[in-house]
Amino acid sequence: MTERKPPGVSFESWVDRQIREAAERGAFEQLEGLGKPLASADTPYDEMWWVKEKLHREGFAALPPSLALRKEAEDALEAVHAARSERQVRAILAEVNEKIREALRMPPPGPPLLLSVFDVDEVLAAWRAQRTG
């Protein structure tokens with residue numbers, strides 16, 4: 001805890017002294033992220049940045065689970081298009097299909113899921129056609 005600013009001392013010199021004394025004690029030597037660039041240095045300012053970071057740390061999602069799974073399915077198809085091998089395509093589809101199957105067994109709260117399991121052979125055929133075309 002810092003002490004109160006003594007009367008008659010300028011605020012700036014008092015703060016500078018507090019920082020200097022903390023540095024001499026080594027208070028800044030083990031800080032998390034020391035020597036690393038700030039993650040948000042290149043992003044535009046967002047007034048709600050702290051709320052978004054708190055939600056992220058606490059594991060809350062901005063989307064309801066059903067919409068989040070729809071988004072994940074879309075992302076999986078994009079990943080399939082970028083995949084370099086049939087094995088990668090199968091792994092991507094197996095992962096998302098398992099999540100879809102689970103959601104179909106026990107529907108998540110929120111809007112309707114409106115998803116069905118991807119047909120691996122059909123997606124692979126489209127992937128092969130894209131690669132040769």
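Start by colouring the protein chain by burial: buried residues (under 20% relative accessible area with a 1.4 Å probe, counting protein chains only; exposed means over 50%) make up 17% of its 133 residues. This is a predicted model, where local features need pLDDT of at least 70, side-chain atom pairs count only at pLDDT 80 or more, and totals for chains, interfaces and linings use all residues. Residues are numbered from 1 along each chain as its sequence is written, and side-chain values use heavy atoms, leaving out hydrogens and water.

Now switch to a cartoon view. You will find five helices and zero strands, with helices being DSSP runs of H or I of at least four residues and strands runs of E of at least two, numbered from the N terminus. The C-alpha trace spans about 80 × 35 × 25 Å along its principal axes.

Next, select 120-132, which is helix H5.

Show the side chains of Val123, Leu124 and Trp127, the buried residues of H5. They lie on the same side of H5 because they cover an arc of only 100° around the axis, taken from the directions from the axis to the C-beta atoms.

Then turn to the face away from the buried side, where Asp121, Glu122 and Thr132 are exposed.

Finally, pick Asp119, which caps the N-terminal end of H5: one of its side-chain oxygens lies 3.1 Å from the backbone nitrogen of Asp121.

How values were computed
The expected span of a helix is 1.5 Å times one less than its number of residues. A polar contact is a pair of N or O atoms within 3.5 Å; within protein, one must be able to donate a hydrogen and the other to accept it, and residues adjacent in sequence count only if both atoms are side-chain atoms.
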